[in-house]
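Work through the exercises below with the sequence and the structure in view. Try each task before you read its solution.

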Amino acid sequence: MTFVASTGDAPDAIDLELARLGGLDPAQTARVEAAARAELADEAAALGRAEALFAARARPLRTPSPRRYWAAGALAVAAAVALVALWPGSDGLRRMGGAADGLSVEVRPGTADDVLFVGVTPAADGWLTVATVQEDGHVSVLVSGETLAARAGAPVDVDGQIRLDGFAGREWLVVRRTDAPLQPGDAEQWMRGTLPDPATHRGSDTWVMEVRRP
Amino acid sequence: MTGGEIEALYARAGPIVLRRCLQMLGREEAALDATQWTFLRALEGSFEPRSPGESLAWLYRTATRRCLTVLRDERRRRDLRVVHHHDLVPEHLDVEGEAMSRDLVEQALASVDERTAEVALLTVFQELPVARAAEVLDVSERTVLRERKTFAQAVRDLLEAT
């Protein structure tokens, strides 16, 4: 399993990437650089946009470190604040939570459904599980496993991937941080166990917000 | 490779992997996670590439497998529907010469086996040439062509059924 420089008439996107990694000889590199200004211009531009995004948003490469108990304790106090406030902003968005409680949710009107933009700031490293829990027992695990890594004090966004459907009863958004990733089945079981009132499970590693529809 | 060498590779090759993950997943946050996950696997395993070409092919393969897991996991969740809004993510994908909606093509990933899905992610989502997909998967170009046709048929079947 390896990439080699293409031998055809025109270099391709992989040649461009190999050149960036220093994997081509000088003659091949010159050929690819010329193509990056001509037939590979779109590829070079796309790679440039990815480089800008990576520079702006990529997290440092490191594995979760041991828990930081002092930070978890501090957040436990903050998380005791009620999270059910919701108000419409002048921009038409509805917001819940805030910096004080470590979990914020912005509800943006969508064409078909409202879209939840969720942000959370964990106090310790680990993995996040995100779910919605309905009072009728229906649980939707939105994020689980190794999808969303948490780093102490670093905001995590779960942006633009959760939409509110038309459920008319009470519903809660629950975010849980664990040291080891929770698999979907275990996550669903744990989330269902928070009923009848998930809010009573708030703690240093569990954020709960009741979703209020207008 | 040492941890320091892999961190250096992350700095150089991270944007390449991020772009590919974005093409497959369609969302920045998920793509950033999948990119980091890919390099964390390199840190945890005995990753000893002999050339930049081998590094890059391994990164493609690992990221593609990770993104397939994420996409299939998302499809299992009833309320989660992906919103695509990034300029690196097209709304339609070319499936054997036909422009198909991204949502339909993503759905088709769930109905094919893993090898076919990997070929689809490489050739349809990432638009890699057949020869490059064959290099990543360590199979013949003929195999890639066959799997791509199988996937195209799965997309057409899904289209007819909906």
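**Exercise 1. Which side chain meets Glu28(B) in a salt bridge?**

Solution. Start with the rule: a salt bridge is a side-chain nitrogen of Lys or Arg within 4 Å of a carboxyl oxygen of Asp or Glu. Now apply it. The partner is Arg57(A), at 2.7 Å from N to O. This pair crosses between chains, from helix α3 of chain A to helix α2 of chain B. Helices here (H or I, at least four residues) and strands (E, at least two) are DSSP runs, numbered from the N terminus. Next, look at Glu29(B). Its side chain also meets Arg57(A) in a salt bridge, at 2.3 Å from N to O. Side chains of opposite charge can pair when their charged atoms come close.

A note on the model. It is predicted: local features need pLDDT of at least 70, side-chain atom pairs count only at pLDDT 80 or more, and totals for chains, interfaces and linings use all residues. Residues are numbered from 1 along each chain as its sequence is written, chains are lettered from A and ligands numbered from 1 in the order in which they are written, and side-chain values use heavy atoms, with hydrogens and water left out.

**Exercise 2. Describe the interface of chain A and chain B.**

Solution. Step one: count the contacts (heavy atoms within 4.5 Å). Chain A brings 51 residues and chain B brings 52. Step two: find the buried area, the accessible area (1.4 Å probe) that two parts lose on being put together, summed over both. The two chains bury about 4,800 Å², with 56% of it on carbon and sulfur atoms. On the chain A side, Met1(A), Leu21(A) and Leu61(A) lose the most area, together 19% of what that side buries.

**Exercise 3. How do α1 and α2 of chain B cross?**

Solution. First, locate the helices: α1(B) is residues 3-25 and α2(B) is residues 28-44. Axes are lines fitted to C-alpha atoms, for helices over the stretch in contact, and angles run from 0 to 180 degrees between N-to-C directions. The two axes come within 8 Å and cross at roughly 145°. The contact includes Ile6(B) and Leu9(B) of α1(B), and Phe39(B) and Leu43(B) of α2(B).

**Exercise 4. Where do Pro196(A) and Glu96(B) lie?**

Solution. Take Pro196(A). This proline is in the loop between α5 (184-192) and β10 (206-210) of chain A. The peptide bond from Leu195(A) to Pro196(A) is cis, with omega near 15°. Now take Glu96(B). This residue is in the loop between β1 (92-95) and β2 (98-101) of chain B. Phi of Glu96(B) is near 50°, a positive value in a residue other than glycine.
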